[in-house]
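Subject: Structure for you to look at

Hi,

Here is the structure I promised to pass on.

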Amino acid sequence: MPVTICLHFETHCLAGNLNERYSVSMEEEKRVMMSLKSKKRARHSRELPPKESDDIEDISFSKDETLQIRASLLEWYDENQRDLPWRRISGGSDERDKRGYAVWVSEVMLQQTRVSTVIDYFKRWMNKWPTLHHLAQASLEEVNEMWAGLGYYRRVRFLLQGAKEVVEEGGSFPETVSELRKIKGIGEYTAGAIASIAFKKAVPVVDGNVVRVISRLKAISANPKDTATVKSFWKLAGQLVDPCRPGDFNQALMELGATLCSLSNPGCAVCPISAKCHALSLSRQNESVHVSDYPTKVVKAKQRHEFSAVSVVEILDCQEMTGSQSNSKYILVKRPNEGLLAGLWEFPSILLEKEADLASRRKAIDNFLQSSFNLDLKESTRIVSREDIGEFVHVFSHIRLKMYVELLVLHPKGNRSIEDEKLDKESITWKYVDGKNLDSMGLTSGVRKVYTMVQKHKQTEQATIPGRRRKTAVRR
């Protein structure tokens with residue numbers, strides 16, 4: 001005999017919101033409850049927007065979504081695009097290569113750098129090297145000087161190498177992504193940008209701005225750095241790109257991410273495609289969800305700490321021992337052609353194993369000057385002055401470099417010069433630079449900061465001790 005129970009429950013679907021008393025078997029109770037749960041899930045699915053797919057590869061834009069996003073975004077871009085110098089170069093057949101070259105230069109400069117910073121650099125660059133052929137004739141030292149302050153110097157080395165490659169291959173600028181990818185330093189993003197913007201090829205681009213916009217449109221919470229996720233972003237961007245105006249559309253997508261669809265404070269109220277934004281829809285349904293939750297924040301790799309002793313070595317000649325300082329020269333050393341800041345000029349410096357006191361730093365510098373220049377501070381030169389200037393931290397993408405700075409003023413004994421010493425030319429490249437030329441040189445931001453510290457120190461010293469002559473600081 002089946003067990004019977006009394007079940008008192010409220011059912012909207014079966015009883016029209018009336019409370020009734022039922023006597024049912026255990027099996028019947030189970031069947032009714034499952035039916036109620038199923039109907040409740042169906043009701044909620046109509047009230048809330050769908051959640052993101054568990055598999056990012058299943059996400060895509062429908063045809064209607066794609067057409068509406070294209071139209072709305074291009075209309076917004078036509079009315080709101082920023083006036084930037086690289087956008088003013090026409091794409092006419094007579095300026096085809098110049099347009100490709102200008103887009104290439106601008107895109108390389110814009111990597112990891114703000115638009116406002118790039119504008120002046122781009123203008124100076126194009127004035128000096130207006131075509132690919134002009135750039136191909138430049139030296140690495142020249143382009144490094146022009147690039148100084150933008151950082152990530154490997155970019156400019158590859159830009160110069162790439163220009164030389166194109167000219168050597170006949171000088172005609174490649175138009176397709178596959179051909180552009182063969183050029184040194186041009187990756188998938190830069191190839192897509194050049195091909196679409198300069199040559200109207202219907203290919204996508206994906207940078208940080210594009211990732212942010214698409215991840216919000218589809219509420220994608222997957223790790224944006226994951227290989228599968230990156231591949232999906234390229235697929236989705238490829239679905240969106242407008243076949244008639246691919247360059248404008250790609251720029252519009254990036255422009256939206258750089259302006260309205262910002263990292264922490266998106267302007268959803270005036271966004272031209274907010275009606276298609278899944279993240280915005282979710283945030284309106286759930287107060288705990290925010291548009292800025294997308295894309296998922298990825299923990300950055302911890303920067304390593306390094307320490308360096310920097311010696312600004314100033315060489316005086318005989319005149320300066322009587323008070324004139326116009327002919328003093330500084331020693332600059334060229335960094336190795338591989339590694340961090342490859343091929344750039346800096347003051348003599350040495351990496352330290354750890355933080356070090358003044359005596360340890362000076363000993364390390366003395367050993368470096370001895371081994372690199374055969375410069376014995378006791379035998380071949382007279383130390384006019386040696387002062388600890390200060391320290392500061394220079395931040396690279398993956399390194400926090402603490403730099404200890406000193407000013408070392410020397411006078412060669414017996415009218416000798418460093419050139420008279422026997423140096424190992426293969427191990428180090430160096431040169432003398434006078435103060436006037438040093439002021440106008442294109443130095444890295446770190447080296448420029450060191451030199452500025454020294455100049456401020458000198459000015460303070462002169463103001464504190466009026467009429468002081470260098471000869472009073474000579475150490476016998």
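Predicted model: local features only at pLDDT ≥ 70, side-chain atom pairs only at ≥ 80, totals over all residues.

Let me start with the largest pocket, which holds about 2,000 Å³ of space. Its lining is made up of 44 residues, and those nearest the centre are Gln-112, Asp-207, Gly-208, Asn-209 and Arg-212. By class, the lining has 20 nonpolar, twelve polar and twelve charged residues.

The largest cavity has about 130 Å³ of space. It is lined by 15 residues, and nearest its centre you will find Cys-261, Cys-268, Cys-271, Ser-274 and Cys-277. Helix α11 supplies the largest share of that lining, with three residues. Twelve of the lining residues are nonpolar, two are polar and one is charged.

The second largest cavity has about 90 Å³. Its lining draws on separate parts of the numbering, including Glu-141, Asn-144 and Glu-145, then Gly-343, Leu-344 and Trp-345, and also Met-441, Gly-442 and Leu-443. Helix α7 gives the most here, with three residues. The classes come out as six nonpolar, four polar and two charged.

Helix α7 (residues 140-147) also packs against α5, with the axes 10 Å apart and at an angle of about 150°. That angle makes the two helices, α5 and α7, roughly antiparallel. Which residues in α5 meet α7? They are Tyr-121, Arg-124, Trp-125 and Lys-128, and on the α7 side the partners are Val-143, Met-146 and Trp-147. This contact between α5 and α7 has five nonpolar residues and two charged ones, with no polar residues.

Finally, have a look at the hairpin formed by β7 and β8, which has three residues between its strands. Strand β7 (residues 381-395) and strand β8 (residues 399-412) run antiparallel and are joined by 13 bridges.

Best wishes

Note on methods: Residues numbered from 1 in each chain as written. Heavy atoms only, no water. 1 Å grid on protein atoms, 1.4 Å probe; cavity = no way out; pocket = protein on both sides within 12 Å on 5 of 7 lines; lining within 4 Å. Points joined across faces, edges and corners; volume = space filled by probe spheres on them. Nonpolar A, V, L, I, M, F, W, Y, C, P; charged D, E, K, R; others polar. Pairing = 2+ DSSP bridges. Helix = DSSP H or I, 4+ residues; strand = E, 2+ residues; numbered from the N terminus. Axes fitted to C-alpha atoms, helices over the stretch in contact; angles between N-to-C directions. Parallel < 35°, antiparallel > 145°, perpendicular 65-115°, else oblique. Contact = heavy atoms within 4.5 Å.
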